Each structure stands twice: as C-alpha cells, then as structure tokens.
Amino acid sequence: MTPRSVLGLGGTVDFELTLDEHVLGELVREYDIVAGELSRSRAVESARDAIVVLLAHIDEAVGSERFLADPAVAHELAAKFEHRVTLGGTCTRAALAMHVLGVPSTLHLVSIDDTVRRLLPPGIEWVCSAQSDSLDPHLIIQFAKGFTVEVGDRTITARRADRVIFANDPPHRELRIADELGELSAEADVIVLSSFNVIQDEHVLRDRLATVLRHVQRRPADSILFFEDAAYHRAGFSRVVRDALVERVDVWSMNESEAAEYLGYPLPVDEPSEVADALRSLHAAVPARTLVLHTAGWAAAIGREPSRWRDALVLGTSVAGCRFGRGDSMTAADVVEVLDGPRQKVGLDVAAALNTQHDVVCVAAPAITTPSPTTIGLGDAFVGGMVAALSVGLPAVRSQIETR
C-alpha cells in the first residue's frame with residue numbers, strides 16, 4: 001500500500017491582500033486612526049477595527065489570527081486592496097506542499113465549494129463533513145520587513161515580515177467530523193490534527209475533541225499522530241485542547257508566537273544562551289512526548305528519541321524556507337536547491353547550543369534572500385515538509401524529486 005497521510009481538520013478559501021503603503025495610509029487618515037489606540041487585542045467588529053489591529057501587529061512585528069465579528073469586513077477590505085483567492089488552512093497548505101514533493105495525502109475538510117474544487121490539484125484526495133456548499137473566506141494580510149506607514153505623528157516600520165489572519169468561518173466554528181475519518185485513520189501512516197482554535201463554544205470543542213480521538217484510535221500502532229497548534233479565538237480554549245491531546249499525540253508542533261502564549265513572554269529565538277531554558281519551560285507547559293518548535297531561524301524537537309525527528313525538521317524548514325522565497329510558484333527542484341543551500345547564522349548558533357542537550361535536536365533554517373517574501377502559510381509548509389519526511393523518508397523524497 002502506498003503510504004498516505006491524513007491531514008485535518010479543515011481547509012479554507014483565503015483572500016490574500018497585497019498591502020500597499022499608500023492605500024493603508026489613506027485608510028489611516030480616512031478612519032482618523034491615532035497611534036495611541038493601536039492594540040493587538042482589540043475586538044474586530046469593523047473594517048476600522050481590523051486596520052487598528054493590523055497596525056498594532058506591524059508595529060510589534062508579530063503575526064496572529066483574529067476573529068471577525070462581522071464576516072462582511074473581509075469582503076469590504078478585500079475590495080480596497082489588490083488581492084488573490086487561494087486555498088488555505090494548515091491541512092490544505094500542508095497537502096499542497098506535499099503535492100509539490102510528490103507525496104500523497106488525503107484531506108479532511110469541513111467546507112467545500114466550487115473554488116476549492118477548482119483550485120485543489122488532482123492527486124490530493126479529500127472527504128468533507130459539509131452537507132452543502134459554502135464560502136466564508138479568511139482575510140490574510142502579510143507585511144514585509146521594512147514596511148512603513150505613517151500613523152498620526154508616528155512612523156511605524158515592521159522589524160520583520162509576518163501576517164495577520166482575520167476570519168469568521170461558521171463551518172470551522174462547528175468543525176463537524178466526517179464519518180470517514182475513522183476509516184482513513186485505520187490506514188494512515190501520519191495523521192495531522194489542527195483547526196480546533198476557531199471553535200467558539202466549549203461544549204462543541206469538547207465534543208469534537210472526543211469525536212476525533214475516537215476516530216484516530218483506529219490508527220496503526222506505528223503511525224504518527226501530529227498536532228499543529230494555532231492562535232485561539234477564545235482565551236483559555238488552548239488549555240482544553242492541551243489537556244485532551246497532550247498525552248495522545250506523538251508530536252505537538254507550534255511556532256514562536258504560539259509558544260509565547262504558553263510562556264507568557266516572547267521566546268528569545270535569537271539568543272542561543274537563553275533558548276534552552278525557554279524551550280524546557282515550554283515543554284513543561286506542554287508536556288507532549290515530542291514538542292516541536294519552528295521559528296524563522298531554526299526548528300527544534302524536545303522529548304523522546306530526538307534524533308528520530310532530525311530529517312523531518314530538515315525537510316520542514318527547507319519547504320518553509322522555499323515557500324518564503326518562492327511562494328506558490330515553489331517547485332520540487334526549488335526545495336532540493338534550498339535543502340542543499342546555506343543556513344541562517346542565528347539558526348546555526350542556536351542549533352549548536354541546543355544540540356548539546358541529550359533530549360533535543362535542532363536544525364537551522366535556510367538562508368533565503370528575496371525582495372518579496374511570502375509570509376502566508378510558512379508554518380503549514382513546514383508541517384507539509386515534516387509529514388512528507390515522516391511518511392516516506394527524506395532520502396525517498398529527494399530521490400523521487402531527482403529522478404522525475
């Protein structure tokens with residue numbers, strides 16, 4: 001049987017905005033926004049609120065995902081900027097990355113429409129829990145390092161590239177599980193879980209967690225259950241998910257922004273002397289069998305048999321780095337080029353410090369230089385690379401690419 005991974009639990013249709021300094025500046029003036037009201041935690045009930053929150057993220061150079069109280073705001077803001085329509089969500093973008101590498105997967109979706117059918121390439125199989133078609137786009141706004149906008153008497157400049165996601169997606173809030181998940185799990189080599197972060201009702205959350213765990217109990221003994229964390233729309237729900245899954249999954253993965261939520265302070269990603277203590281504190285907060293942390297400069301696994309995950313970290317960082325530089329035009333040959341290319345100095349320094357620990361393995365991320373970076377879907381691409389390596393092995397992925 002051909003190895004196949006099951007990626008869930010829901011994909012999205014995304015409106016990817018091209019952020020223009022002139023247009024954003026005009027909106028700042030139109031909405032009479034002042035620097036003193038910038039806040040990442042502000043409720044997003046209008047287009048003005050979304051711009052205030054976006055500016056706060058640019059100012060602090062961090063990414064996040066926020067709930068839109070009014071779904072019409074996504075369409076309203078998309079009309080003000082150039083944008084394109086793409087497929088998103090952790091499971092879908094991971095599957096797309098695996099498709100580039102020639103590694104098969106099956107998606108579990110909770111919504112479907114003709115946009116998804118048209119954009120999803122042949123070769124990626126899917127099941128869907130939805131009883132009818134629907135379209136609830138996620139608004140994704142990325143900003144490059146150095147992006148600058150005037151807000152009153154302040155000049156705001158992004159210190160690093162990142163993205164902000166605004167969403168109001170009823171099918172994802174319900175996250176209904178397809179009956180086929182159990183059958184798919186019974187034949188899966190890797191199962192990826194995600195998307196619990198958008199649920200708004202605790203009863204629904206607990207029910208979906210129990211349903212998913214019942215289905216994945218059918219997985220083979222040697223399969224890998226992989227959870228990708230996210231920014232939760234409701235404070236405190238991350239704890240519910242952690243308590244339900246932390247002893248069940250084989251790999252618990254997150255980025256530095258999500259790690260900061262558990263730690264209560266920003267992760268010192270560029271400080272080799274401080275990273276080890278922070279990583280151990282994070283593992284104490286999320287005591288999974290193996291905890292994976294992926295950042296812009298490096299990725300690390302802490303826990304059981306750390307060396308087991310090295311190849312997966314290498315391919316994950318390479319695919320994410322390739323997407324950063326090439327975006328949706330990324331090819332398998334591009335990934336091999338990045339695999340064999342130079343790595344970031346900060347990543348090499350952190351890896352040197354962490355790899356002295358008996359229960360940690362760390363790899364540096366690729367050194368990519370590009371005038372127009374892609375910040376959307378980098379974590380998803382990382383997951384796709386990791387899962388491809390866990391499914392068929394890094395040597396097999398490379399060999400398959402080089403013999404095409």
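Start by selecting His108 and Ala178: a polar atom of the His108 side chain lies 2.9 Å from the backbone nitrogen of Ala178. Keep in mind as you look around that this is a predicted model.

**Stop one: around His108.** Colour strand β5, residues 105-109, and you will find His108 within it. Is His108 buried or exposed? It is buried, because its relative accessible area is 0%, and buried means under 20%. Now show its neighbours, leaving aside residues up to four places away in sequence: His108 touches Leu7, Gly8, Leu9 and Gly10, together with Cys91 and Val127, and also Arg176, Ile177, Ala178 and Leu181.

**Stop two: a hairpin.** Next, select residues 148-151 (strand β8) and residues 154-157 (strand β9); these strands run antiparallel and are joined by four bridges. Zoom in on Val151, which stands opposite Arg154 of β9. Two residues sit between the strands of this hairpin, and Gly152 takes a positive phi near 65°.

**Stop three: two helices.** Finally, select helix α12 (residues 310-326) and helix α15 (residues 378-392). How do they pack? Their axes are 7 Å apart, at an angle of about 145°, and α12 passes α15 in a right-handed crossing. To see the contact, show side chains on both helices: α12 contributes residues including Leu313, Leu315, Val319 and Phe324, while among those from α15 are Leu378, Phe382, Met386 and Leu390. Colour this contact by class and you will have 13 nonpolar, three polar and two charged residues.

Conventions. Residues numbered from 1 in each chain as written. Predicted model: local features only at pLDDT ≥ 70, side-chain atom pairs only at ≥ 80, totals over all residues. Heavy atoms only, no water. Buried < 20%, exposed > 50% of the residue type's maximum accessible area, 1.4 Å probe, protein only. Polar contact = N/O pair within 3.5 Å; in protein donor to acceptor, adjacent residues only side chain to side chain. Contact = heavy atoms within 4.5 Å. Pairing = 2+ DSSP bridges. Axes fitted to C-alpha atoms, helices over the stretch in contact; angles between N-to-C directions. Left-handed = near helix turned anticlockwise from the far one by under 90°. Nonpolar A, V, L, I, M, F, W, Y, C, P; charged D, E, K, R; others polar.
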